[in-house]
Amino acid sequence: SDRMLLSNELEGTAVVFLIDPVIPVHAGEREDLGRWVAGGGVLVTTESMKDLEPATADVSLRGSIERRRDEAATSPTEVLQSARALPLARDVSTVWFQGDRAFDLKPDAEETRKPVEALFTDSHGTRIVGHKVGRGSIVIVSDSSFMANGWIAREDNSVLAANLVAYATALSGSRKVLFDDYHFGAGGVPGFR
């Protein structure tokens, strides 16, 4: 989609990928996204969008994403045997990320709240988490580099990306997926396409 994520754009959509927004998400979009998720939608996003739902405040990040041109300076990480049963780890043993950014999950202090769940972990830590919001879910990715054009073909990155889409569509009960290009640059950068 190259349009703002307002209710008319979200209608009939099951899953929205809103990754690394370059153009800020407007307050009206946040409200519409919040209602859409609570109604059953699944939002896959980066930590920069985690403030859509207060319960994700239980998640904090450590580490950094190294934005280097020298790809030889990075190395693959392993999925530990203990993490192979996590929802997104099926058929994934080695992945490439640009940095070591991972989530620190705090224990849930209130029994009435549903905790943030680890969905994918490698040797650096938990990279992808999920949280129920109403009838929907928010899936937060610590570092989206594994899905980038130059990285998706490395090791098992494409399998992890496919697992992420399959997981999100299974949660939503529908296969209609929207990839947001508006906030990734199509909404304000001349000659984007």
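Here are a few friendly questions and answers about the salt bridges in this predicted model.

The model is predicted, so local features need pLDDT of at least 70 and side-chain atom pairs count only at pLDDT 80 or more, while totals for chains, interfaces and linings use all residues. Residues are numbered from 1 along each chain as its sequence is written, and side-chain values use heavy atoms, with hydrogens and water left out.

Q: How many salt bridges does the count come to?
A: A salt bridge here is a side-chain nitrogen of Lys or Arg within 4 Å of a carboxyl oxygen of Asp or Glu. By this rule, the count is four.

Q: Where do Asp-32 and Arg-35 both lie?
A: Their side chains meet in a salt bridge, 2.4 Å from N to O. Asp-32 is buried at 13% relative accessible area, whereas Arg-35 is exposed at 54%. Helices are DSSP runs (H or I, at least four residues), numbered from the N terminus. The two residues sit three residues apart, about one turn, in helix 2 (residues 27–38).

Q: Is Arg-127 buried or exposed?
A: Arg-127 forms a salt bridge with Asp-122, and their closest N and O atoms are 3.1 Å apart. Asp-122 and Arg-127 are both buried.

Terms used. Buried < 20%, exposed > 50% of the residue type's maximum accessible area, 1.4 Å probe, protein only.
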